[in-house]
Amino acid sequence: MVRLETSEAEKALLLETMKQYNSAANFTAEKAFELKIANKYELQKLFYKEIRSRFSLSAQFAIRVISKVVEAYKRDKSVKPAFRELGAIQYDQRNMSWKGLDKVSLTTLQGRLKLRTRIGEYQKSRADRIRGQADLIYRNGVFYLIAVVDVPNKKKRCEYEPVGMLGVDLGIENIATDSDGEVFSGEKVEYVRKRYNGLRAGLQKARATSRHRAAQRKLKRMSGKERRFKRNVNHVISKVIVSKAKGTTRAIVLEDLKGIRSRVTVRHEQRDRHSKWAFGQLRQFLEYKAKREGVPLLLIDPRNTSRECPECHVIDKRNRPTRNDFECICCGYKEAADYVAARNIAARAPVNEPIVAPTLTGSYKPTTLVIGS
Ligand SMILES: [Zn+2]
C-alpha cells in the first residue's frame, strides 16, 4: 500500500475520476442485471461506446469498469451489484506507469497525472515484485495505491499429496475451529472487539454535541487501528493453520462460501461480527499462504455442515439445540457445534485413497495460541 502525495487540485481531479468510474460501474451493473449478461465481451459489445461517451472515460477505464461489474455480478447473480461513489479504481499497465519508485503516473478524466509517492523501506525491498496492477483507494482524505506484488514461492509451486484432511470452520462464535478440535478465538480478541464497539457507540453519540469534531477525529484514528489489529490476527491464525496442515501433510478444507450470506441466517447481534470480522480476509490469507507453502486447499459444499452428525450422518435441525452445542438426536453424539462443523467439512473433501490417521510430524507443535499480546 503506497501513499500518494496530492495537491488540492490533483485530489479534486482524482475524486472526480473516482466518481465517474463508479457511476459508470453502477450504470453497467444496471444493464448487466437487467439483461442477465455476465459475459465481459457481450457487455463490451453492447455498452463500451456508451460508457465512454456518457462518463467521459478513457478506453482502458471503460474496459476495467466492465470487468469490475462482471466479477461482482458473477459472484451472486441474484443481486444487482452496487458500487460506492468513492470505491476503488482498477489500474493496470495501460493506464498507470511507475517512474522509478517515488513517482507514479495515473490516467484521470483529464489526461495523466504524475504523483509523488511516500514509500517506506519495507515497500522498497519488495518493489521488484510489483506487477502492473493496482487499486486506487481513498481513505480518510488520502489516496493510496494498493499494488499487486508477486509472492515468492519458497519451493516450486507443486503441492504435496495429502494424507489426510484438516477441516476448518470459519465461525461466528469462534474465529476458526479445526477438525482436530483446536479453537482460535482468544479472549484478547474478544476484549478488543468489545472495546472498539463500545467506544464507537459512545463516540457516535457525541456527534450531536460540541465535541463532535474531536470525536470524529478519534473515530477515524480508531478505524485504522482496528483494521490493522484484525489483519494481524488473521495473519497469525492463517499461519498457524497452514503450518499445521503442512507439518502433518494434510490438505486444508474450507466451505465454499459462494452465496452464503443469503443462505445462512445470522442473528442480529451475530451479524455484526459475521460481516465485520474481516471474514473474507482470513480466507484470503489462508489461500495465499497455503499456495505459497504447497499445501493443497479444497472447497466443499457447505450445506448442512452444522446439522449433520459426523458419527451416524443423520441430518436434522434438532441436532443443534443451541447455537454452540451439537447433540445428535439419533446416536447421542455430543460436542461443540463449531468442532462438529469442522469435522464434517474435513469428511466431505473428495479423496481418492483411504485417509491415514494424521500423526504430528515435522515442524508443527500444537501450542496455546495467544493473539495480539
Ligand atoms: Zn449421530
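**Exercise 1.** Work out how Asp-180 and Lys-244 pair up, and which parts of the chain they join.

*Solution.* Start with the atoms: Asp-180 makes a salt bridge with Lys-244, and their closest N and O atoms are 3.4 Å apart. (Helices, H or I with at least four residues, and strands, E with at least two, are DSSP runs numbered from the N terminus.)

A word on the source: this is a predicted model, where local features need pLDDT of at least 70, side-chain atom pairs count only at pLDDT 80 or more, and totals for chains, interfaces and linings use all residues. Residues are numbered from 1 along each chain as its sequence is written, and side-chain values use heavy atoms, leaving out hydrogens and water.

**Exercise 2.** Find out which other residue bridges to Lys-244, and whether each partner is buried or exposed.

*Solution.* Asp-178 also meets Lys-244 in a salt bridge, at 2.6 Å from N to O. Now check the cover: Lys-244 is buried at 3% relative accessibility, and Asp-178 is buried at 0%. Asp-180, at 38%, is partly exposed. (Buried is under 20% relative accessible area, exposed over 50%, partly exposed in between, with a 1.4 Å probe and protein chains only.)

**Exercise 3.** Name the network that these residues belong to.

*Solution.* Salt bridges link Asp-178, Asp-180, Glu-182, Lys-244 and Arg-250 in a network.

Technical notes: Salt bridge = Lys/Arg side-chain N within 4 Å of Asp/Glu carboxyl O.
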